[in-house]
Amino acid sequence: MADAATLPPIAEGLFDLGPPPALIGGRDRRSGRIVFPCPADHDRFEPVRLPREGRIWSWTVQRFPPKSPPYAGPVETPFRPFALGYVELPGAVIVESRLEGFAFEALKVGLPCTLRLLPFGDRLTYAFGPSDEEEQPQ
Amino acid sequence: MTDVAIIGAGIHRFGRTDGVSGLQQGVIAARAALADAGVEWPDIRIAFGGSAAAGNADTMVAELGLTGLPFLNVANGCATGGSALYSAANAIRAGEADLALVVGFDKHPRGSFNPEPADWGLPEWYGETGMMLTTQFFALKLRRYMESFGITPVTLGRVAEKAFANGALAPHAWRREPVDLETIMNSQMVNDPLTKFMFCSPSEGAVALVLASAAKARELGATPVWVRAAVVRTRPPGSFEVFSPSLDLARGPSPTVLASRAAFEVAGLGPEDVDVAQLQDTESGAEIMHMAENGFCADGEQEAWLAEGRTRIGGRLPVNTDGGCLACGEPIGASGLRQVYENVMQLRGAAGARQVEGARIGYSHVYGAPGLSAVTILAS
């Protein structure tokens with residue numbers, strides 16, 4: 001991840017580089033409800049580091065190339081499908097994320113997963129990968 | 001409060017009609033509905049209509065006639081038709097009009113919809129990283145549901161198989177050829193667990209209805225289909241909707257649950273009273289989940305219902321008897337009214353080869369982004 005860390009994040013305020021990295025959510029100062037990403041209104045939403053470990057809440061595989069724009073991912077022929085889903089972060093919120101490092105056949109609701117940062121073109125984005133991997137396969 | 005009747009129904013076939021604009025299709029449907037009701041355009045006192053991508057409904061007056069009537073445009077996404085019907089029924093109940101026209105039409109370009117993050121108040125990275133696709137939302141909601149309640153992929157296939165079988169019997173449908181289960185299951189995977197044949201496509205089409213007060217319906221000597229309930233609801237906290245970068249841990253019901261309960265209450269009926277139902281089937285899983293959200297079965301029972309063919313024509317509760325969105329495609333502005341049109345045909349006993357024997361109560365449900373549902377209950 002040494003190279004990746006020098007890349008600019010895909011959006012400001014989306015995640016904290018760490019180490020260890022964490023997504024930044026917004027806690028509603030009145031209700032305590034947490035949302036992701038943190039809304040710009042910091043008078044109402046306090047930025048908070050979200051748990052890095054969670055469980056897959058739902059998942060799918062994107063089998064066809066998304067229309068571009070807005071999609072800014074790699075243009076490959078043939079298109080390389082990618083997994084995405086929702087990850088339940090205990091006590092906080094359920095976030096939508098790309099799922100990297102899982103075999104598609106192994107994806108399952110309830111699977112433990114851990115946040116990672118990874119290059120997306122010439123920028124840095126976030127994804128969740130298997131929790132039992134010490135090093136991230138880049 | 002007066003009862004409201006549907007006394008006329010017209011449709012322009014769904015699918016692709018090159019050279020005919022969406023608005024023109026709407027005019028054709030409107031004329032068909034007027035003729036079906038045996039009334040003339042100048043008799044109509046108020047009109048409601050809309051499309052998502054084919055222009056303003058009120059410009060139809062240029063073709064139908066400049067009678068000076070109030071004509072309100074409705075823009076409520078997939079629930080446009082349901083919202084127009086709700087508005088017209090309320091105008092009649094309020095005594096504002098005794099004869100109303102409702103029209104929904106659309107004409108979408110080929111391929112899936114192409115939303116931009118800014119139009120939805122979402123950050124650019126959400127679209128850039130490939131997470132802003134409607135098909136993903138359907139797959140994600142469905143996957144969670146399947147793993148929670150034991151629904152298997154073959155059940156999704158059975159929904160699509162039924163849709164195409166029914167579409168073959170409906171003259172207004174787009175897909176008129178049956179497709180076998182194996183072909184559906186083995187077709188290209190789009191977003192797991194949904195294959196190509198399990199998704200509907202944007203299409204074209206138009207539907208119009210003529211609504212009348214009970215007194216007006218009697219005066220005209222019409223054979224009415226009664227609007228027992230026309231309800232629209234938006235989402236409660238915790239509902240799972242399209243384009244959500246995050247969801248609350250505390251999950252809540254869907255807008256469909258709210259709309260369905262309210263509609264049954266207004267109608268003084270329950271799910272067991274319904275003879276035929278048209279449920280939003282943007283994809284196979286939507287029909288499965290909407291069977292439970294509308295109160296027709298418990299979560300998970302769909303597996304047995306589909307295996308036993310209970311939602312086929314001739315089954316205990318036929319669902320989407322004209323093939324639904326899967327066979328008709330989804331012209332957004334027209335889709336909800338197509339469901340009502342189909343129920344009108346069923347309750348009149350005029351549905352031909354797809355007739356549900358003895359249908360007296362018809363239920364229709366449309367759902368759309370960003371979380372609203374419209375439910376209509378009709379009775380003969």
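**Exercise 1. In which loop of chain B is the place of Ser187(B)? Work out its surroundings.**

Conventions come before the solution. This is a predicted model, in which local features need pLDDT of at least 70, side-chain atom pairs count only at pLDDT 80 or more, and totals for chains, interfaces and linings use all residues. Residues are numbered from 1 along each chain as its sequence is written, chains are lettered from A and ligands numbered from 1 in the order in which they are written, and side-chain values use heavy atoms, with hydrogens and water left out.

*Solution.* 
- Step 1: Ser187(B) sits in the loop between helix 7 (181-186) and strand 5 (189-191) of chain B. Helices (H or I, at least four residues) and strands (E, at least two) are DSSP runs, numbered from the N terminus.
- Step 2: Its relative accessible area is 12%. Ser187(B) therefore counts as buried; the cut-offs are under 20% for buried, over 50% for exposed, and partly exposed in between (1.4 Å probe, protein chains only).
- Step 3: A polar atom of the Ser187(B) side chain lies 2.9 Å from the backbone oxygen of Ile184(B).
- Step 4: The side chains of Ser187(B) and Thr195(B) make a polar contact of 3.1 Å. Such a contact is a pair of N or O atoms within 3.5 Å; within protein, one must be able to donate a hydrogen and the other to accept it, and residues adjacent in sequence count only if both atoms are side-chain atoms.
- Step 5: Leaving out residues up to four places away in sequence, Ser187(B) touches Thr195(B), Lys196(B) and Phe197(B). Contact means heavy atoms within 4.5 Å.

**Exercise 2. Describe the interface of chain A and chain B.**

*Solution.* 
- Step 1: Chain A gives 43 residues to the contact and chain B gives 34 residues.
- Step 2: The two chains bury about 3,300 Å² between them, with 58% of it on carbon and sulfur atoms. Buried area is the accessible area (1.4 Å probe) that two parts lose on being put together, summed over both.
- Step 3: Three salt bridges cross the interface. The rule asks for a side-chain nitrogen of Lys or Arg within 4 Å of a carboxyl oxygen of Asp or Glu. Arg33(A) and Asp248(B) form a salt bridge, with the closest N and O atoms 2.9 Å apart.
- Step 4: Strand 7 of chain A pairs with strand 9 (residues 246-247) of chain B in the antiparallel sense, over two bridges. DSSP must find at least two bridges for strands to pair. Ile94(A) stands opposite Leu247(B).
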